[in-house]
Amino acid sequence: MRTETGITIRREDYQPYPFLIPTIELEFELSAERTQVRSRLVVERRKDVLISSDLILNGEDLTLVSLELNGVVLSQTQYTLTEATLTVHNVPDRAELVIVGTCQPAQNTSLSGLYVSGKHLFTQCEPQGFRRITWFADRPDVMSIYRVTLRASRSEFPLLLSNGNLLQQRELEAGRHEAQWHDPFAKPSYLFAVVAGDFVCREHHTRTASGREVLLQVYSDVGTEDQTEWAMESLERALRWDETRFGLELDLDRFMIVAARDFNMGAMENKGLNIFNAAYVLANPNTATDGNFQAIESVIGHEYFHNWTGNRVTCRDWFELSLKEGLTVFRDQEFTADMMAAGLPATEAASARAVQRIDDVMGLRLSQYPEDRGPMAHPIRPESYQEISNFYTATVYSKGAEVIRMMHTLLGEQAFRAGMDEYFRRHDGQAVTCDDFINAMQWALQQTAPQKNLDVFRHWYRQAGTPRVSVQLQHDPVAKRCTVTLTQDCPAVGVEKASPIVKQPFHIPVTLGLLDDTGKSLSPQVTLELKEASQTWVFDNISTRPTPSLLRNFSAPVLIDYAYQDQELALLSAHDDNAFTRWEAGQEIASRKMIALAQAWRQHAKFEELDPLLAKSWSASLLAKDLDAGYRARLLSIPPSHAVIERMAHMDPLAVLEVRTRIREQLGTTHAATLLNTYQANLTPGQYSPSPGPAGKRALKNLALTYLMASKHPEAANLTQTQFRHATNMTDRMAAFTALIHDGSSELNAPAATQFYEDWQHDQLVVDKWFSTLASSPRTGVNELTGLMAHPAFTMRNPNRVRAVVFAFCMSNTRGFHAQDGQGYHFWSDQVLALDAINPEIAARLARVGDQWARFIPEVSQRLHAQLERIATHPTLSRNTLEIVSKALS
Ligand code: 0A1
Ligand code: ZN
């Protein structure tokens with residue numbers, strides 16, 4: 001076992017940087033093999049910070065060529081160079097430092113810093129990639145004005161892009177050319193970007209609300225010009241939305257998006273030059289599904305919104321990451337919800353919003369809830385880390401967004417907007433903390449409600465874990481009085497266990513309705529503000545014992561504990577007029593039954609009869625034709641296995657999978673005729689549109705098809721094959737393809753796999769869909785997967801391909817990964833180690849599959865533990881993966 005563990009960095013140790021670096025001029029001689037960077041920094045000692053006179057800059061994987069201070073070449077005694085830093089001794093109060101160094105983009109497989117993707121050069125600087133380009137104070141609170149000169153071979157790199165405005169371009173000798181860029185806004189190094197290569201460009205001129213003309217550009221690989229229209233439309237919608245909802249305008253003359261084939265994450269908000277994973281830019285109806293269209297709109301919104309929440313106001317240090325990420329996820333979720341509801345009549349708009357909320361909450365529960373009870377649990381503002389790249393987590397992003405949403409709920413739209421305005425008024429151009437944001441919100445709250453404050457609310461930023469809220473309801477028929485008592489509890493999790501803190505109550509908004517036994521509202525909906533360990537509220541004029549509709553719209557990221565009777569859940573699932581809690585009740589019925597069935601299956605290896613309550617509530621939704629199709633598709637989806645497993649005391653993935661398969665099979669068999677009707681009634685002939693109406697119909701129609709396939713209905717195979725062959729859009733093609741591969745007989749699935757690849761081998765993003773469908777198929781075990789990895793289209797160097805094959809297998813193929821021979825776990829540790837040598841960030845993400853090892857049934861738990869130890873003992877493990885596995889094993 002590696003004995004050393006990483007160095008822990010603590011939030012409380014923050015020190016301001018002792019110098020200002022008001023300007024930086026960079027000159028790049030770009031080439032894939034060896035790029036030279038000349039950096040000219042103006043440094044000024046801060047009079048208010050009393051630390052040593054040395055100037056310490058970060059730098060990694062660089063070769064120093066020369067170093068000058070105020071025009072004098074420094075001798076080796078005047079500076080110290082280590083693997084991670086360059087320290088210049090005895091720097092005067094104001095100085096000019098010129099550093100020349102080189103890096104090797106073609107050798108850079110980590111995709112952090114300057115790297116090669118296809119024939120292009122890209123940079124990725126968040127969180128700490130700039131130090132892999134040149135030596136600098138690579139931290140978000142050092143903000144500088146950048147002037148950048150790029151030089152390269154014109155034939156190899158005809159386009160040379162950086163942040164801000166293009167000052168000039170010119171030809172140089174020997175087939176080289178040059179472009180000069182200037183970004184008028186001071187920014188931290190993590191927002192710096194360079195792109196060089198040969199791209200096609202879609203352009204659009206538009207005006208901001210105040211009438212300034214701006215140029216929008218989307219750059220992508222040659223040959224993909226027919227796949228960027230949706231991205232451009234989404235960008236324009238994002239611009240308009242931020243103007244109307246938040247009064248925020250684009251501040252630059254041009255805004256560029258560039259699609260990269262090799263990218264570790266979704267996208268990056270570099271000032272004026274966003275770099276995107278191509279999967280979140282390229283789409284047309286033939287190549288992209290409804291889900292892809294929606295994800296593109298949302299990621300484009302997210303990165304664009306960062307221009308204010310992240311770039312104009314940035315983070316003081318990386319502990320404050322949720323300041324920009326939680327807030328920007330909240331903004332992109334609201335953007336998507338507003339886009340989905342746009343132009344719809346009120347009831348349809350409400351259901352479109354509910355669909356969006358359901359999808360966001362499902363995402364939170366599937367990824368953040370497990371994180372919040374596992375070894376990596378951390379508050380949305382972590383107190384410590386070893387490797388910051390490991391903290392781009394579901395907690396910082398999705399729970400961070402829920403925390404912002406709770407403030408929005410507590411303040412209301414108007415006061416929230418006033419708080420945002422105040423935040424920008426106070427902090428534009430600064431690097432600040434989450435406390436600064438809450439202070440602005442508190443100021444806004446007190447303008448309308450001087451007696452209120454956010455003092456207790458702040459605990460959400462300091463404490464990890466998912467609070468459990470227990471609900472006690474008492475009814476007095478004589479006094480016609482109902483009392484509701486809420487009690488909260490949140491035991492220590494993750495690092496809190498090792499260094500215990502006294503946990504304080506959270507401030508939890510619980511939105512609630514009370515229904516009579518016909519489903520009618522007995523009192524107006526209220527939001528209770530739970531701020532103490534336990535509080536009681538009284539409702540008068542309630543003549544019969546009500547059924548509570550709890551946590552409407554998912555008003556807080558908590559677990560609700562209420563002893564619902566079966567018939568109460570049935571009532572809510574049939575009648576609750578809040579679309580979110582209505583869906584929730586159906587899911588609760590199914591989850592409870594699935595857990596009970598899985599336990600019975602594990603004991604007797606036999607599947608009990610389908611529960612009548614589940615069957616009844618499901619079939620009522622199937623028949624509820626008055627409801628919106630997209631919403632109905634959510635009602636009719638059996639909870640995903642992961643969501644159910646997560647609720648078990650001893651997680652038993654194979655039992656839950658078995659039970660889920662049987663339930664779908666039985667529902668398909670008993671409702672075949674209605675499912676066939678539903679299929680036919682939701683066809684979407686005519687021109688494709690990704691808007692929620694037709695997308696919802698496709699979701700419902702394709703869900704009906706999967707039930708029919710699961711039940712082996714005689715017509716299902718024909719229907720699916722016909723849809724596969726004649727689909728006019730990728731949503732329908734993928735739905736049929738997945739059904740054939742996952743549920744079809746062996747005569748059906750092999751030809752479908754061959755056909756799909758033959759038809760789409762020219763398009764990498766569609767090939768990724770093919771890979772992930774096969775990798776997540778219950779028919780795919782380790783042997784088949786090893787075959788897929790030997791396919792010529794597979795490479796460990798491309799994160800999208802690794803996600804489509806390795807991650808899809810380990811995270812979405814329950815049968816293959818958890819196969820009883822344990823081969824899946826061994827395969828997983830092999831791949832973590834193989835990736836670790838290439839791309840530690842991606843390896844560390846894959847390593848997190850082992851996080852939950854201790855919560856599984858013993859045979860799974862022991863085997864996962866053995867593989868975690870195998871990873872931890874690897875002699876050259878990266879800091880990234882080491883942090884993950886050592887926390888899992890601690
Ligand atoms: N700020 C980006 C996320 C991001 C983080 C790291 C990256 O490279 C390692 C790339 C992107 C966002 O929130 O979209
Ligand atoms: Zn972000």
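Guide: Happy to! One note before we start: UniProt positions are given in the numbering used here, and annotations may be inferred rather than shown by experiment. Also, this is a predicted model.

Visitor: Good to know. Which residues does the annotation "Aminopeptidase N-like N-terminal" cover?

Guide: According to UniProt, in an unreviewed entry, that domain covers residues 108-191.

Visitor: And what is the helix and strand content of residues 108-191?

Guide: That span is 0% helix and 51% strand. Its end C-alpha atoms lie 19 Å apart.

Visitor: What about "Peptidase M1 alanyl aminopeptidase C-terminal", which residues does UniProt list for it?

Guide: The unreviewed UniProt entry lists residues 566-889 for that domain. Here the span is 72% helix and 0% strand, and the end C-alpha atoms lie 40 Å apart.

Visitor: Let's switch to the ligand. How many residues surround ligand 1?

Guide: There are 14, and the closest are Gln124, Glu126, Asn264, Met265 and Met268. Strand E20 (267-268) and helix H2 (290-305) are the elements that give two or more residues to this shell.

Visitor: How do the shell residues divide into nonpolar, polar and charged?

Guide: The shell around ligand 1 has 4 nonpolar, 5 polar and 5 charged residues.

Visitor: Now I'm curious about Phe335. Where does it lie?

Guide: Phe335 lies in helix H3, which spans residues 321-341.

Visitor: Is Phe335 buried or exposed, and why?

Guide: Phe335 counts as buried because it has 23 C-beta neighbours inside 10 Å, and the cut-off for buried is 20 or more.

Visitor: Which residues does Phe335 touch?

Guide: Leaving out residues up to four places away in sequence, Phe335 touches Ala238, Trp241 and Gly301.

Visitor: And how far apart are Phe335 and Val526?

Guide: In sequence they are 191 residues apart, and in space 25 Å, C-alpha to C-alpha.

Visitor: In what sense do E26 and E29 pair?

Guide: Strand E26 (residues 481-489) and E29 pair in the antiparallel sense, over 7 bridges. For Thr483, the bridge partner in E29 is Val538.

Key:
Residues are numbered from 1 along each chain as its sequence is written. Chains are lettered from A and ligands numbered from 1 in the order in which they are written. This is a predicted model: local features need pLDDT of at least 70, side-chain atom pairs count only at pLDDT 80 or more; totals for chains, interfaces and linings use all residues. Helices (H or I, at least four residues) and strands (E, at least two) are DSSP runs, numbered from the N terminus. A residue is near a molecule or strand if its C-beta atom, placed from the backbone, lies within 6 Å of it. Ala, Val, Leu, Ile, Met, Phe, Trp, Tyr, Cys and Pro count as nonpolar, Asp, Glu, Lys and Arg as charged, and the others, Gly among them, as polar. A residue is buried if 20 or more other C-beta atoms lie within 10 Å of its own, exposed if 12 or fewer, and partly exposed in between; C-beta atoms are placed from the backbone. Two residues are in contact if their C-beta atoms, placed from the backbone, lie within 7 Å. Two strands pair if DSSP finds at least two bridges between them.
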